[in-house]
Amino acid sequence: MSPLIELQGLTKDYGSFRALCNINLQILPGCTGLLGPNGAGKSTLIKVLLGLVRASAGNGVVLGLPLGTHSAGIRSRVGYMPEDDCYIHGLSGIETMQMAARLNGIPATEAIRRSHEILDFCGTGQERYRAVETYSTGMRQKLRFAMAIVHDPELLILDEPTSGLDPQERVAMLNRIRILTRDFHKTILLCTHILPDVQAVCTRVVILAAGQVRVSESLELLSQLPSPAIFVHFTGSAERFQTALRQQQLSSQLQAPQQLQIPGTAEEHSSIIWQAAAAAECTIRSLLPSRNSLEQIFLDTVRQVQHAHS
Amino acid sequence: MPIHDPGYRTWQGCTAPLATRWMVIAETGIRRAWLSSWLRRMMFFAWLPACVMGFMVFLYEQTSANDPNAGRTMLGLSRMLIDPGSSASSSFTDIQTALERRDQSPESERHLFWSALLTTLFRRSQPFILIPMLGIIVPPLISQDFRSRAFLLYFSRPITSLHYILGKAACVMFFLASITLAPALLLFTAAVLLSPSLSVLASTWDLSLRILAASLAIMIPCTCLSLMLSSLASESRYASFAWFAIWIFGELAWRTAARSAAVGSNVVVSCLSLFRVFSDVTAWILDPRLVMDDIQTRLMLLAALSAVSLAVLFRRVSAPLQV
């Protein structure tokens, strides 16, 4: 798989403040989560990728086009959903969509058809005929997403796509992102603070802190623990279950009231665990290989950076 | 949920050239502005003077020296309407003389009369529509984009600051042209059609170019200035206030200074009022017989005003992307 975004030694200074420092990064096809604490340089990185700001040093290629010299070409093939609550005053939802489509070069009649089609895909009903300034935060969020995909871009940069959405809409939005990646092979850069969203749709993660790339790895690899362990979710008495496991010479660690982590692999110990559960009168709800949580990875990375700075 | 939901579909059509994208911004701006009922009313009133002047051309061409009633009507209208500053104003003190002169040298007198009408249109009627009209439509054009942070929606697409400004300027120029260039050109066309034969074009063709030049002399500085004011504020009412203040306070300052006869003749003082500057420049362009002192200063003022406004506008529009 060849990378769609390739950055080499990218640096961006705002006066004396260095927002991005020697970024070397490759974004492969698929969905990549871009994480980082506030002020890590995520927005600056997005602006550099879109050609809205010029990098102070370094170079990069987006969709095969060099940064800095082919900004218009890059933007015509990239869809960007900004985090800010931005809209064009005085236009209805469908007019805003048409305008976005036509600014991307879609002919007028085709823009109307495409706008309706995308708004249907995004679950926007008759409210598309209302003025955008009367929309709720969630509706504006959906409209911004629709505007980002109206021209069928190859690369989508989504900045906090699920913030401000109710749980049902959040699931629907993640589904749309999944459909675009899985069925239409779009490359998505998902910039968010909601880590479960990243776990739900992303295959790779980039963690940015203090203007530098700290982690750039597949989620599968990152989630693996240094030594294998089994994660057991059960119902019943945890004390009795742990006692039964000890009798079978298995150590265990209680992670949550109904969750245990047991060292070893499922192939080795699953039958013993089932026996211990039966002896302790517990019901096993799931038995899975234990993984590092993304939250833990993120916190560890940020702590390392803070330590290094202090 | 629609009855037939095809879900997401890819799109692989031909796209419009990059250079034409500004037209989308212009078209959207025009459609949004046209929603204002005030604008539609103003547009109606903006065309009335041209219609009255068309009637005057009709009278001029149809009145014969032995038709006293028509002659009196034309004389009355001419005295009332024709700009006293134009070189033709002295021709309408006596209708008998005016008609005799018309019959003796029809070509030069016709040119004189038409240019007087056009000067009047540009100096005495259209500015009173132009100022409030731009005060209504231009202030929200950029300031509302600032307030609603629409810049990210525009500039994340393949357009540049130049396209954006061009689109907004085209929107303003469309409305300006529809109250200056369009009625004046239509008046000229009507005058040609009402005249005895199309051969009058041989002696009056220059007026069409003069109309274009006078319209551009108004449109370019007004567009640049009004858009700059809109870009300086995120609240459109402040931009409106600044727009009206420039015209009203400028005129008041000129009137105050002009009370002193010695100072009033000074060209620098007349530059205090944008209204006077535009009035003098359009009269100079449309009325070739008019002698005007130091017109270069006024032209330079308009050029400088346009250049400075454009520079500020570019800086303001590019600024949100730099942070």
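Predicted model: local features only at pLDDT ≥ 70, side-chain atom pairs only at ≥ 80, totals over all residues.
Trainee: Which residues make the contact?

Mentor: On α9(B) they include Leu181(B), Phe188(B) and Val192(B), and on α10(B) they include Trp205(B), Ile211(B) and Ser215(B). By class, this contact has ten nonpolar, three polar and no charged residues.

Trainee: Now to chain A. Why is Asn104(A) called buried?

Mentor: Buried means under 20% relative accessible area. Asn104(A) has 4% relative accessibility, so it counts as buried. You will find Asn104(A) in the loop between α3 (93-103) and α4 (108-121) of chain A.

Trainee: How do you know that the side chain of Asn104(A) makes a polar contact with the side chain of Arg157(B)?

Mentor: The limit for such a pair of N or O atoms is 3.5 Å, and here the value is 2.5 Å. Asn104(A) is also in contact with Thr15(B), Arg21(B) and Pro158(B), among others.

Trainee: What makes β6 and β10 of chain A edge strands?

Mentor: Their sheet is open, with six strands in the order β6-β7-β8-β3-β9-β10 and mixed pairing. β6 (78-81) and β10 (212-218) each pair on one side only. For β6(A), four bridges join it to strand β7 (residues 155-159) of chain A, and these two run parallel.

Note on methods. Residues numbered from 1 in each chain as written. Chains lettered and ligands numbered in written order. Heavy atoms only, no water. Buried < 20%, exposed > 50% of the residue type's maximum accessible area, 1.4 Å probe, protein only. Polar contact = N/O pair within 3.5 Å; in protein donor to acceptor, adjacent residues only side chain to side chain. Contact = heavy atoms within 4.5 Å. Nonpolar A, V, L, I, M, F, W, Y, C, P; charged D, E, K, R; others polar. Pairing = 2+ DSSP bridges. Lists of a residue's contacts leave out its neighbours within four places in sequence.
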